[in-house]
Amino acid sequence: MTSATPASVTVRAPAKINLHLGVGAPRADGFHPLLTVYHAIGIYDDVTVRPADSWSLALEPAPYVDAADVPLGDDNIVFRAATLLAGLHGRPAHAEVVIRKDIPVAGGMAGGSADAAAALVALDRLWGVETSDEDLFRLAAELGSDVPFALMGGNALGTGRGEVVESVRGGDVTRWWVVVTAHEGLSTPSVYRHFDALRPDASAQPAPPHRLVAFLADPVEAIAGLLHNDLQDAALDLRPELRDVLAAGERAGALAGIVSGSGPTCVFLCGSGDHAREVAAGLDGAGEVVLTANGPVAGAHLVDY
Ligand code: ATP
């Protein structure tokens with residue numbers, strides 16, 4: 001049975017933070033092996049797709065999002081996602097696409113990956129092609145290391161180069177965060193290059209975050225001391241003012257603060273929604289924008305069609 005083509009489909013996908021980001025020495029293919037604990041938080045991009053006879057892409061950034069560096073042509077990861085999905089089903093990649101962007105660009109929160117995951121799910125529905133989960137995750141991994149997690153959401157252990165994801169405990173325990181974005185993004189490849197210069201002795205396999213994973217469903221104090229990011233020193237070297245942001249978070253009473261992924265966004269763990277709002281007030285002016293968000297939240301999901 002084939003159903004009628006929807007007039008539009010909107011899929012929402014979350015930003016990620018890494019509660020633990022262990023990075024190893026680069027592999028022969030140039031990628032770094034990762035052992036990471038992903039955590040999806042409630043800052044989202046929405047991808048809306050409509051039927052069309054050709055391809056078009058538009059961006060609607062939130063007022064605080066600087067989207068000047070987001071390509072609108074073939075380099076946009078959403079176009080690459082559409083091309084892969086269309087190729088799998090032997091059909092043209094035709095759609096009118098709008099990305100409503102609330103996830104800071106080049107912020108270490110995998111906004112592009114969220115868009116790619118949302119686009120796969122939205123176009124699958126628009127085109128009525130009923131892609132299997134196995135194929136969706138395979139295409140996601142081809143698009144980028146963080147894309148499978150953006151499909152999955154929740155809390156997950158990421159291995160390989162981050163693309164092999166497995167759900168872990170704590171999915172039903174809400175954590176509260178303050179998110180401080182920076183005025184200017186950091187390029188992920190440049191942070192990894194700097195990591196290689198700082199850590200020429202990095203082992204081939206990063207240490208596994210056993211303790212953090214064991215405590216993921218425990219009271220917040222149990223995980224506060226276990227947040228860890230191997231890329232943090234590299235990000236702080238490239239952007240020394242982030243040290244001030246981390247110190248300000250500590251002064252404002254956060255339980256812990258780390259650079260998110262490759263930065264420059266900093267995230268602060270809080271004990272409750274009220275505590276997060278207090279810490280956010282104390283951090284007012286520390287970065288481009290100060291947001292509160294909770295996690296873990298769902299991966300790419302349909303919100304309207
Ligand atoms: P990651 O940590 O996953 O590398 P990030 O969160 O630091 O990513 P993104 O916002 O995903 O950074 O964007 C990284 C770069 O990808 C941007 O500077 C931009 O040039 C390019 N890009 C391509 N498509 C998109 C998209 N849909 N949204 C954002 N950036 C995109």
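Helices and strands here are DSSP runs, numbered from the N terminus; a helix is H or I with at least four residues, and a strand is E with at least two. One more thing before we go on. This is a predicted model.

Let me stay with D53 for a moment. Is D53 buried or exposed? The relative accessibility is 74%. Exposed means over 50%, so D53 counts as exposed. I also have a spacing for D53 and N76. In sequence they are 23 residues apart. In space, C-alpha to C-alpha, they are 19 Å apart.

Now the ligand. How many residues surround the ligand? There are 22, and the closest are A106, G108, A110, G112 and T188. By class, the shell has nine nonpolar residues, eight polar and five charged. The largest share comes from α2, with four residues.

On to contacts with oxygen atoms of the ligand. A polar backbone atom of A106 is 2.8 Å from a ligand oxygen. For a polar backbone atom of G107, the distance to a ligand oxygen is 3.4 Å. T188 uses its side chain: a polar atom there lies 2.8 Å from an oxygen of the ligand. How much of the ligand does the protein cover? On its own, the ligand has 610 Å² of accessible area, and the protein covers 79% of that.

G107 comes back in a contact within the protein. The side chain of T265 reaches the backbone oxygen of G107 at 2.7 Å. So G107 has a backbone atom by the ligand and a backbone oxygen reached by T265. Where is T265? T265 sits in the loop between β9, residues 256-259, and β10, residues 266-270. Its relative accessible area is 1%, so T265 is buried.

A cis peptide bond joins G263 and P264, with omega about 5°. There is also a cis bond between G295 and P296, where omega is about 0°. P296 is in the loop between β11, residues 289-295, and β12, residues 301-304.

Next, backbone angles. A110, one of the closest residues to the ligand, has phi near 60°. That is a positive value in a residue other than glycine. A110 is in the loop between β4 and α2. Its relative accessibility is 16%, so A110 counts as buried. E130 also has a positive phi, near 50°, and is not glycine either. E130 is in the loop between α2 and α3, residues 133-143. Buried or exposed, for E130? Exposed, because relative accessibility is 69%.

Now the aromatics. A pair of aromatic rings is described by the distance of the centres and the angle of the planes. How many aromatic pairs does the structure hold? Two. Y38 and F149 form a stacked pair, 4.5 Å centre to centre, with 10° between the planes. This pair links distant parts of the chain. Y38 is in strand β2, residues 34-50, F149 is in helix α4, residues 147-152, and they are 111 residues apart. Both Y38 and F149 are buried.

The pair of W55 and F79 is edge-to-face. Here the centres are 5.3 Å apart and the planes make 65°. Why does this pair tie separate parts together? Because W55 lies in strand β3, residues 55-61, and F79 lies in helix α1, residues 77-89; those parts are 24 residues apart in sequence.

Last item: arginines over rings. R12 lies over the face of Y44, at 5.6 Å from the ring centre. R125 lies over the face of Y305, and there the distance to the ring centre is 4.7 Å.

To recap, on the ligand side we have A106, G107 and T188, each with a polar atom by a ligand oxygen. On the backbone side we have cis bonds at G263 and P264, and at G295 and P296. That is my tour.

Note on methods:
Residues numbered from 1 in each chain as written. Predicted model: local features only at pLDDT ≥ 70, side-chain atom pairs only at ≥ 80, totals over all residues. Heavy atoms only, no water. Near = heavy atom within 4 Å. Polar contact = N/O pair within 3.5 Å; in protein donor to acceptor, adjacent residues only side chain to side chain. Areas by Shrake-Rupley, 256 points an atom, 1.4 Å probe, with all protein chains shown as cover. Nonpolar A, V, L, I, M, F, W, Y, C, P; charged D, E, K, R; others polar. Phe/Tyr/Trp six-rings, centres within 6.5 Å; stacked < 30°, edge-to-face > 60°. Buried < 20%, exposed > 50% of the residue type's maximum accessible area, 1.4 Å probe, protein only. Lys NZ or Arg CZ within 6 Å of the ring centre and 35° of its normal.
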